[in-house]
Amino acid sequence: MALHLTWVFGFGLLGNIISCLVCLSPLPTFYQICKKKTSEGFQSIPYVIALFSAMLWLFYTIFKKDTILLITINSFAFFMAIGYIVVYLFYATKKDKILTFKLLLLFNVFGFGLVCVLTLFLTQGHKRVQVLGWICMIFSICVFVAPLFIARKVIKTKSVEFMPFSLSFFLTLSALMWFFYGYLKKDQFVAIPNILGFILGLLQMLLYMIYRNPKKVVEVEPKLQLEISEHVVDLEKLGPTIFSEITIVIPKLNDSGNGFVEDQNAKRQAMEIMKAIDVVNKL
């Protein structure tokens, strides 16, 4: 029994450490936002969803016994998400601020309030824990499925710019730790969603390995193109008159045994071709 509890605590502790690193991963993004003083190009919904998820799990731990490790990591995620949202709102445009407030009202006020009311007044005891567990599990699965949109973008653009390998790796490792924690603790609501999280994490890393070295298209510099175009001769613009001055020779010895002679047949054919081109141009 003591060994079993040690394994549970070990996986839970590792899950906390790795999940904290995942929570800290957006810091470079927000450093850029603060540096540029604009949040343009970034969305607030991942942080609103992260806040909602942390709130649900914290509410779950109120009624579930012996969940100190779930409390610690979700408390950390809760405060980090609030910090990210505050910084985002500070630098967001008016349109993005309105959208973010709407999302907060939808998920974190109305959605969380509805969950609280339904579970507190319609359920009790073990049934309440079961209902909250299912809600948390379903929502966690939705959170794990969300990166599929990024995976779709990676396949479409053949670029892993928006899917860092380190983030995919730590998400996969975190899902593995929390799966073993839930499995050993016999908490299906923690274990089941992390199976999907582990599989999708492996998928993201596989996509990274496939598209990490995109094929580079060699582009000709405008200056080089200009230099080339300056040395191109347009035969259509030369016309038959100028073309008649061109001497076409073939490597045939003349009567004296040396030098070259002009090929009159080739010259005549070339003249006819240029006359035809000139007629077409006049049409």
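The text below takes the cysteines and then the aromatic rings.

This is a predicted model, in which local features need pLDDT of at least 70 and side-chain atom pairs count only at pLDDT 80 or more, while totals for chains, interfaces and linings use all residues. Residues are numbered from 1 along each chain as its sequence is written, and side-chain values use heavy atoms, with hydrogens and water left out.

The structure holds 0 disulfides, a disulfide being a pair of cysteine sulfur atoms within 2.5 Å. For Cys 20, the closest cysteine sulfur is that of Cys 23, and at 6.1 Å it is too far for a bond.

The whole structure contains 18 aromatic pairs. Rings of Phe, Tyr and Trp (its six-membered ring) pair if their centres lie within 6.5 Å; planes under 30 degrees apart count as stacked, over 60 as edge-to-face and the rest as tilted. One of the pairs is Phe 52 with Phe 107, which is tilted, at 5.8 Å centre to centre and 50° between the planes. This pair links distant parts of the chain, 55 residues apart: Phe 52 is in helix α3 (residues 45–63) and Phe 107 in helix α5 (residues 94–122). Helices here are DSSP runs (H or I, at least four residues), numbered from the N terminus.

Phe 179 and Phe 180 make an edge-to-face pair, because their planes are at 65°, with the ring centres 5.3 Å apart.

The table gives relative accessibility, where buried means under 20%, exposed over 50% and partly exposed in between (1.4 Å probe, protein chains only).

| Residue | Relative accessibility | Class |
|---|---|---|
| Cys 116 | 15% | buried |
| Phe 52 | 6% | buried |
| Phe 179 | 24% | partly exposed |
| Phe 180 | 30% | partly exposed |

Definitions and conventions. Helix = DSSP H or I, 4+ residues; strand = E, 2+ residues; numbered from the N terminus.
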